[in-house]
Amino acid sequence: MTVTVTTRGTAPSYLTEGRVAFRDGFVWGAATASYQIEGAAKEDGRGRSIWDTFSSVPGKVAGGDTGEVACDHYHRYADDVRLMCDLGLQAYRFSVAWPRIQADGSGPINDLGLAFYDRLVDELLESDITPYATLYHWDLPQALEDLGGWTARDTAYRFADYAQAVHARLGDRVRSWTTLNEPWVAAFLGYGNGVHAPGRKDPAAALHAAHHLLLGHGLSTQALRSAGAEEIMLVINSSPVLTPAQVHAPAAPANEADAAAVERIHALLTRQFLDPALRGEYPPAVLETLERHGGLGHIRDGDLEIINQPIELVGLNYYNPSVVEARLGEPADAAWPGSEDIRFSPADAPTTAMGWPIVPTGLSRLLLRLSHDYPEVGLFVTENGAAFDDVVTDGKVHDTNRVSYLEGHLRAVHAAIEAGADVRGYLAWSLLDNFEWAEGYSRRFGLVYVDYENQARIPKDSALWYRDVIQRNGLTL
Ligand code: FCB
């Protein structure tokens, strides 16, 4: 596979081509997630989620922030849809809060919770915005966590029941369904290093959670499909894995040990999810890691067949590349289970307010590698965006840094499509500034600024720029 990306200092070829036009039917939109925007944490029968619990523990979330009010989207959804409409969005990716539908994660279905998403979907459709519903964006009902959370096999079965209940109510109007958002993060930050809810720190628990999340994907896909769902997607956080030299010179040779480190991290980050879901098997690096952390006993006969359901799309959330080198002989305090003897370093590039390096060409490389490795499935950029320290000046936010971030990444998407990747759409992260997990409200990713004092929304310059991109179905120089 060759990717045409030039070295630093030289403009990549696609920058000089003039207008960057996307094909008709390419989908433009934005994404959010329930816990990050909804608020109304105790209303209409919503149960407690692991994020309510986690964010109430001092020291877990910056500033002691919680999602209790967030962007108050639960009450302001109609205004927010109007905003999307003003920006010309064609698609909106939102997630359903499981504890609104089943307070304890199983048992009775809460009609008031379903009614909220019912209203949201109707409002979107009236505005000609296509709903993309995600069933799990990390807000697990706390009652299920008390029974083991994703380390418990039963959670996967409960998830499929919940998926069926949501589809039964919305399936007549929602045609695109995402089972999981970023199972790697849910498993490895939630159960492995404890940075996210539920805050457990146990490598074996993280690996078990990853398998049960996949099982939940398979079971819910079966349920959705038999109920007639048209389009099913699995969304992963993926990044191209590179050696430091390859960040700006993709063809830079890697020695054998570094090349092995690159492939191992790619296997743990991406293939751990896509190989079972699309091929019905785990890559050897994942099996070896499991052998070292508690064994394979949690994988039962038939699980991989359940996980391997035909799906239409893989969604990619891309923010920055992973940069690794072998560090043989150095002390082995692995960043992740399986990453022993591998050193991670930040890419040598300017960073966002998250400290994440800005490497747009990484998105082209990722899209091309995945379309090469998994040609049977369409790709969708389900999240991409950046946090910057936005300032309101005379009622405006001149976020030129975000405009250039988005522009660079859209050019990278276009370059990948030109080189043959089957990319169906692009969803900016995020519509609104929101609760950025362990960073609380201190990091602003929105196209639209949110004043948390009074819940005012201010479309940033990037939102207005994005509106023009959508209208033109492309970029101009
Ligand atoms: C992704 C999450 C999303 C948001 C962005 C910045 O990992 O899916 O909710 O926090 O990162």
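In the predicted model, Leu363, Ser364, Leu367 and Leu368 of helix α13 meet His409, Ala412, Val413, Ala415 and Ala416 of helix α14. By class, the residues of this contact comprise 7 nonpolar, 2 polar and no charged. An α-helix has 3.6 residues a turn, so residues three or four places apart point the same way. The two helices pack at an angle of about 30°, and their axes are 8 Å apart. Because angles under 35 degrees count as roughly parallel, α13 is described as roughly parallel to α14. The crossing in which α13 passes α14 is right-handed.

Helix α13 itself covers residues 361-373. At 1.5 Å a residue, its 13 residues should span 18 Å, and the C-alpha atoms at its ends are 18 Å apart, in agreement with that expectation. Of the 13 residues of α13, 10 are buried, so the helix is largely enclosed by the rest of the structure. The buried set consists of Thr361, Gly362, Leu363, Ser364, Arg365, Leu366, Leu367, Leu368, Leu370 and Ser371. Buried here denotes a relative accessible area under 20%. The elements against which these buried residues pack include both helices and strands: β7 (241-242), α10 (256-279), β8 (313-317), β11 (378-383), α14 (400-418) and β12 (423-429).

The contact of α13 with α10 was examined next. The axes of α10 and α13 come within 12 Å and cross at roughly 45°; the two helices are therefore oblique to each other. Their crossing is right-handed. On the α10 side, Glu263, His266, Thr270, Leu274 and Arg279 take part, and they meet Arg369, Leu370 and Asp373 in α13. This contact has 2 nonpolar, 2 polar and 4 charged residues. The contact of α13 with α14, by comparison, contains no charged residues. Leu370, one of the α13 residues that meet α10, is also among the buried residues of α13.

A further helix pair is formed by α7 (residues 154-170) and α9, whose axes come within 8 Å and cross at roughly 35°. The crossing of α7 and α9 is right-handed. From α7, the residues in contact are Ala156, Tyr157, Phe159, Ala160, Ala163, Gln164 and His167, which meet His212, Leu215, Gly216, Leu219, Ser220, Ala223 and Leu224 in α9. The residues of this contact divide into 9 nonpolar, 5 polar and no charged.

Backbone geometry in the loops was also considered. A cis peptide bond joins Ala197 and Pro198, with omega at about 5°. Pro198 is placed in the loop between α8 (183-192) and α9 (203-226). Another cis peptide bond links Trp429 to Ser430, where omega is about 10°. Ser430 belongs to the loop between β12 and β13 (448-451); β12 is one of the elements against which the buried residues of α13 pack.

Positive phi values in residues other than glycine occur at Asp44, where phi is near 50°, and at Asp394, where phi is likewise near 50°. Asp44 is located in the loop between α1 (34-37) and α2 and is partly exposed, with a relative accessible area of 33%. Asp394 is found in the loop between β11 and α14. With a relative accessibility of 77%, Asp394 counts as exposed, the cut-off for that class being over 50%.

Thr66 lies in the loop between α2 (50-55) and α3 (73-86). Its relative accessible area is 25%, and Thr66 is accordingly partly exposed. When residues up to four places away in sequence are not counted, Thr66 touches Tyr35, Ser55, Phe435 and Tyr441. Thr66 and Thr53 are separated by 13 residues in sequence and by 9.3 Å in space, C-alpha to C-alpha.

Definitions and conventions:
Residues numbered from 1 in each chain as written. Predicted model: local features only at pLDDT ≥ 70, side-chain atom pairs only at ≥ 80, totals over all residues. Heavy atoms only, no water. Helix = DSSP H or I, 4+ residues; strand = E, 2+ residues; numbered from the N terminus. Expected span 1.5 Å × (residues − 1). Buried < 20%, exposed > 50% of the residue type's maximum accessible area, 1.4 Å probe, protein only. Contact = heavy atoms within 4.5 Å. Axes fitted to C-alpha atoms, helices over the stretch in contact; angles between N-to-C directions. Parallel < 35°, antiparallel > 145°, perpendicular 65-115°, else oblique. Left-handed = near helix turned anticlockwise from the far one by under 90°. Nonpolar A, V, L, I, M, F, W, Y, C, P; charged D, E, K, R; others polar.
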